[in-house]
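Biologist: Before we go into any detail, could we look at the model together and take its features one at a time?

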Amino acid sequence: MDRLDNTIRPYAWGSPTAIPELLGLEPTGEPQAEMWMGAHPGAPSRTDRGTLVEVIDADPARELGEAAVAKFGPRLPFLLKILAAGAPLSLQVHPDLAQAKEGYEDEERRGIPVDAGHRNYKDANHKPELICALTEFDGLCGFREPARAAELLEALGVDSLKPYVDLLHAHPEEAALREVLTAILTADREEMAHTVTEAAAACARLGGDHAPYAAIAHHYPGDPGVIAAMLLNHVRLQPGEALFLGAGIPHAYLNGLGVEIMANSDNVLRCGLTPKHVDVPELLRIVRFEAADPGVLRPEASPDGEEVYETPIDEFRLSRYVLPEGAAPHDLTRSTPQILLCTAGSVRAGEHELRPGRSVFVPAGEKAEVSGTGTVFRATVIV
């Protein structure tokens, strides 16, 4: 197996302290938002054999296993991350596989450069994802019941929000949510900024269920995404709990440290809380306008001690082992590629000693035994 040397991405919303604390390093004072583990071409992990992209490209069948190559092609299908949100990320959705292929092919035909700021589809893949909390973790996930969203908006006492409240009460669920989100994103920017300022002051005054939106508005003053965010469920995960985010589900991470895994894609359509491009017509085509419980996941334990976060996705499978002191070694050998990540304690993986934040890549079929005292996350695929 290969020890991984991973890139940390300094996005502006990142916490300046959470990842350094996990790694046992001094903070630099700069935001450290994500640490990437995998073979994404934007920031592939490095090994003694070269980048993980180069390692896999040299012999995909050996590194990934023939079954994984047959199912997903000659590339690692997932990207594993440590994510540290010190401020809210953009409110966003991801397309399903058919939408991603269609959108990518359309933008290719129209000759839009893949790095253009107004391009929506960087590749032809979908981007389901799973976030597992390492600390208390706040996020937004999926639409609230329209009546509950109306109550939240009405309590603010902001006159310019009354038409949205009426719409949420007057229409069936899907139509209500669609019309209100459309109205928010297409409103006059200056008038909406004034509305957001009033709403933010009311949220700060009311506290309680409104408090998260006051915090969001503090980071994004005047952004229409603040009002759009109030249509969504606020979720607070405890360590070990997770959220699965499928296609079309609007979401945003607000604060906390977690392990994130996703299909290997860059396709994001933004709804707000960002200075970046918002393609409203395409966004409205992708969003699933249905209210739903966010569905907090807790791991399901197997007899061998593996705790699995079950999802409907084959491109990734995330699980963890919590190793008590004196526990017997666990044999994690599989016929699929794996990344093993230590998040607590001190764990031995093969010949490698792993402290928190350290990881290894295990080629398909290679013997993988872990021992020690701590927590190990295991990322692989289902074939």
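This is a predicted model: local features need pLDDT of at least 70, side-chain atom pairs count only at pLDDT 80 or more; totals for chains, interfaces and linings use all residues.

Biologist: Where is R3 found, and which residues is R3 in contact with, leaving aside its neighbours within four places in sequence?

Modeller: R3 is found in strand β1, which spans residues 2–3. Leaving aside neighbours within four places in sequence, R3 is in contact with R46, T47, H352, E353, L354, R358, S359 and V360.

Biologist: What distance separates the C-alpha atoms of R3 and V360, and at what distance does the side chain of R3 reach the backbone oxygen of E353?

Modeller: Along the chain, R3 and V360 are 357 residues apart, yet their C-alpha atoms are separated by 4.3 Å. The side chain of R3 also reaches the backbone oxygen of E353, and the distance there is 3.2 Å.

Biologist: What radius of gyration does the protein have, and how does that agree with a compact globule?

Modeller: The C-alpha atoms fill a box of roughly 65 × 50 × 40 Å, taken along the principal axes. With 383 residues, a compact globule would have a radius of gyration near 21 Å, and the value for the protein agrees with this, being 22 Å.

Biologist: How many helices and strands are there, and what percentage of the residues is buried?

Modeller: The protein has 12 helices and 21 strands. Of the contacts with a separation of 6 or more, 75% are accounted for by residues 24 or more positions apart. Buried residues make up a share of the 383 residues that comes to 56%.

Biologist: Which residues does UniProt list for "binding site", and what is the largest C-alpha distance in the set?

Modeller: The UniProt record, an unreviewed entry, lists Q92, H94, E129 and H251 under "binding site". Although they are spread over 160 residues of sequence, they cluster in space, with a largest C-alpha distance of 12.4 Å.

Biologist: Which residues from this set does the lining of the largest pocket take in?

Modeller: The set, as the unreviewed UniProt entry gives it, is Q92, H94, E129 and H251. From this set, the lining of the largest pocket takes in Q92, E129 and H251.

Biologist: Is H94 buried or exposed, and with which side chain does the side chain of H94 make a polar contact of 3.4 Å?

Modeller: H94 is found in the loop between β7 (91–93) and α5 (97–109), and with a relative accessible area of 1% H94 is buried. Not counting residues up to four places away in sequence, H94 touches K127, E129, A247, G248, H251, N267, V268 and I286. The polar contact of 3.4 Å is made with the side chain of H251.

Biologist: Where is the place of E129, and what is the length of the polar contact that joins its side chain to that of H94?

Modeller: E129 has its place in strand β8, residues 129–133, and at 2% relative accessibility E129 counts as buried. Not counting residues up to four places away in sequence, E129 touches several residues, including H94, H251, Y253 and E260. The side chains of E129 and H94 are joined by a polar contact of 3.1 Å.

Biologist: At which residue does UniProt place the feature "active site", and what is the relative accessible area of R270?

Modeller: The unreviewed UniProt entry places "active site" at R270, which lies in strand β13 (residues 269–272). Not counting residues up to four places away in sequence, R270 touches S90, L91, Q92, K276, H277, V278 and L283. Buried means under 20% relative accessible area, and R270 is partly exposed, with a value of 21%.

Biologist: Why are the buried residues of α6 on the same side of the helix, and what do they pack against?

Modeller: In α6 (residues 146–154), the buried residues are P146, A149, A150, L152 and L153. They cover an arc of only 160° around the axis, which puts them on the same side of α6. These buried residues pack against α7 (162–170), α8 (173–186), α10 (211–219) and α11 (225–229).

Biologist: Which residues of α7 are buried, and what does the cover over them include?

Modeller: In α7, the buried residues are Y164, V165 and L168. They cover an arc of only 100° around the axis, and therefore lie on the same side of α7. What covers these buried residues includes α6, α8 and α9 (189–206).

Key. Residues are numbered from 1 along each chain as its sequence is written. Side-chain values use heavy atoms; hydrogens and water are left out. Buried means under 20% relative accessible area, exposed over 50%, partly exposed in between (1.4 Å probe, protein chains only). Helices (H or I, at least four residues) and strands (E, at least two) are DSSP runs, numbered from the N terminus. The arc is that of the directions from the helix axis to the C-beta atoms. Contact means heavy atoms within 4.5 Å. UniProt positions are given in the numbering used here, feature names are shortened, and annotations may be inferred rather than shown by experiment. On a 1 Å grid over the protein atoms alone, a cavity is a set of points where a 1.4 Å probe fits but cannot get out, and a pocket is an open set with protein on both sides within 12 Å along at least five of seven lines; lining residues have an atom within 4 Å of a point. A polar contact is a pair of N or O atoms within 3.5 Å; within protein, one must be able to donate a hydrogen and the other to accept it, and residues adjacent in sequence count only if both atoms are side-chain atoms. The radius of gyration is taken over C-alpha atoms; the globule rule is 2.2 Å times the number of residues to the power 0.38.
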